[in-house]
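Visitor: I would like to learn how to read salt bridges in a model. Can you take me through some cases?

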Amino acid sequence: MRIDMGDMLPKEAASRRITGDTQFMFQFYKPCFQFYAPSAQSSVFMRQERLQNSMVVALHGCPLLFGRFVVQKDLSVEVSYDPQNPNSPTIEFQRVAATYSELKAGGFAYSLCKKYKMDLEIPDGAISRTFDRPLLMVKVSYLADGGVAVFNMSHHVAFDGNAIFSFMAHWARCNRQPQSQLMAELPGDLQSYATSLVTHTGTEPAQGPVEISVDASMTPRELVLHTTKLMAPTDICACVFSMKLDRLGELKQTVAGSGVLGEGEWVSSNNVLTAFIAQCVARANTNAQVYEWGDWTVFQALDMRRPLGLAQRGLGSPLMLAELHVPAQQLLDSAKLPQVTRNVRHSVEKYSGEYLQGAIDWMHVTYKRLAESGVEEPWRHFWFTAMNTNRRAVGVSCMQRIPVYEADFGCGRPAMTRSFNARPNYVIVFPGPPAADDQSAEHSAMHLYVTLERAAMQALRADEEWAGRCELISEF
């Protein structure tokens, strides 16, 4: 059901050029569930009419979600606000036989939600001239015992993980307001830049960054096949693990006391976590013979705004997948965790503002050259090299600061959040839920979304280092 905005439909909004940096390379939809325990307040705050009205108010401040992808004459791409867009955000409501207790007992597994059709079909997110899908889709399921499940799915190019959870929290704040046309204050993370965030210097770098590849000799479909390891869907296994913060603290103390760090050197919790995950995942893949023994690439998602001296808040953060080459002898030996952690810490030093500006300038020049040479969809010919699943590469995105549990519609914060990570060997880290007896408390654990080939997942779960610190809480 398309949301009827009435006179709340924004009259105008600035368009965002998305092919000026790396933002266009994330052409997929990201699904997420937020589960709410039964509450006496649900009948007031989670009513269909109230949620619809507050969604209208929330969307009024986020006109980019009414946008559509527009290909310009020079083949650059914009997310352009279009009040006549027939594919504006949608919201659906349903009642299901499932209970909150049943979902909780099943670990809030994504497959259990699919069984009750509480999700929506995830469409292809590839941008085209005829892209005809909403940038945001929501489905609210009222559970048989009074619980509520809210499914949302947004296009990553328009709204990344931080933005969509910020929007859900904003919608929830609007819902808690007295039912009027007063909008809750729009958070800075949802402010839209008037133009492309990144500028170009006009120079042409001698060579491109090793982290980004481009190939115009193959079709987009051929590129997908070329950069994707051949495997059957049944060979893929997705799990969610919980790691308590004190366990991570123990690892950090181990690194700090190892004598590996020099005077004045330090490592962050994210550095330690990235190194630990990379070691365990690489070891599991090697022990299961999914990949041959050899060196690995470890990569991390890096927000380019700080090193480029740009505004830290707002929509459309340009990202780089920062790479680190790690010898097999170091990555596969758990005793080498301090060395790997130190190397992870220092690997980001390469990504200075000068280096990243050169990467952006190279992309700009190369993109323009492809467009001028007659390549029909230049935005589909770039990819991050580390994302080629034929390579021995393991990635980690630490997102503990994302407001995953801030969407309190009036009956408490979500008791659990679930997403789905489809890419093998790319681990996404979300904060865990607040303590059950204290909704205002900070999280005491992290949730690790791990997708591997089935044999590697079995090896990971049997790995003593991993099993000693990470608890399996859900399977897809």
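Predicted model: local features only at pLDDT ≥ 70, side-chain atom pairs only at ≥ 80, totals over all residues.

Visitor: Which residue does Arg47 meet in a salt bridge?

Guide: Glu49, at 3.8 Å from N to O. Arg47 has a relative accessible area of 35%. Buried means under 20% and exposed over 50%, so Arg47 counts as partly exposed.

Visitor: Where do Asp82 and Arg68 lie?

Guide: Start with the contact. Their side chains form a salt bridge at 2.7 Å, N to O. Asp82 lies in the loop between β4 (77–81) and β5 (90–95), and Arg68 in strand β3 (residues 67–71). The pair therefore ties together parts that are 14 residues apart in sequence. Arg68 is partly exposed, at 26% relative accessible area.

Visitor: Which parts of the chain does the pair of Arg313 and Asp189 link?

Guide: This salt bridge has an N to O distance of 3.4 Å. Arg313 is in the loop between β10 (296–303) and β11 (319–326). Asp189 is in the loop between α5 (161–176) and β8 (212–214). The pair links distant parts of the chain, 124 residues apart.

Visitor: Is Asp189 buried or exposed?

Guide: Asp189 is buried, because its relative accessible area of 17% falls under the 20% cut-off.

Notes: Residues numbered from 1 in each chain as written. Heavy atoms only, no water. Salt bridge = Lys/Arg side-chain N within 4 Å of Asp/Glu carboxyl O. Buried < 20%, exposed > 50% of the residue type's maximum accessible area, 1.4 Å probe, protein only. Helix = DSSP H or I, 4+ residues; strand = E, 2+ residues; numbered from the N terminus.
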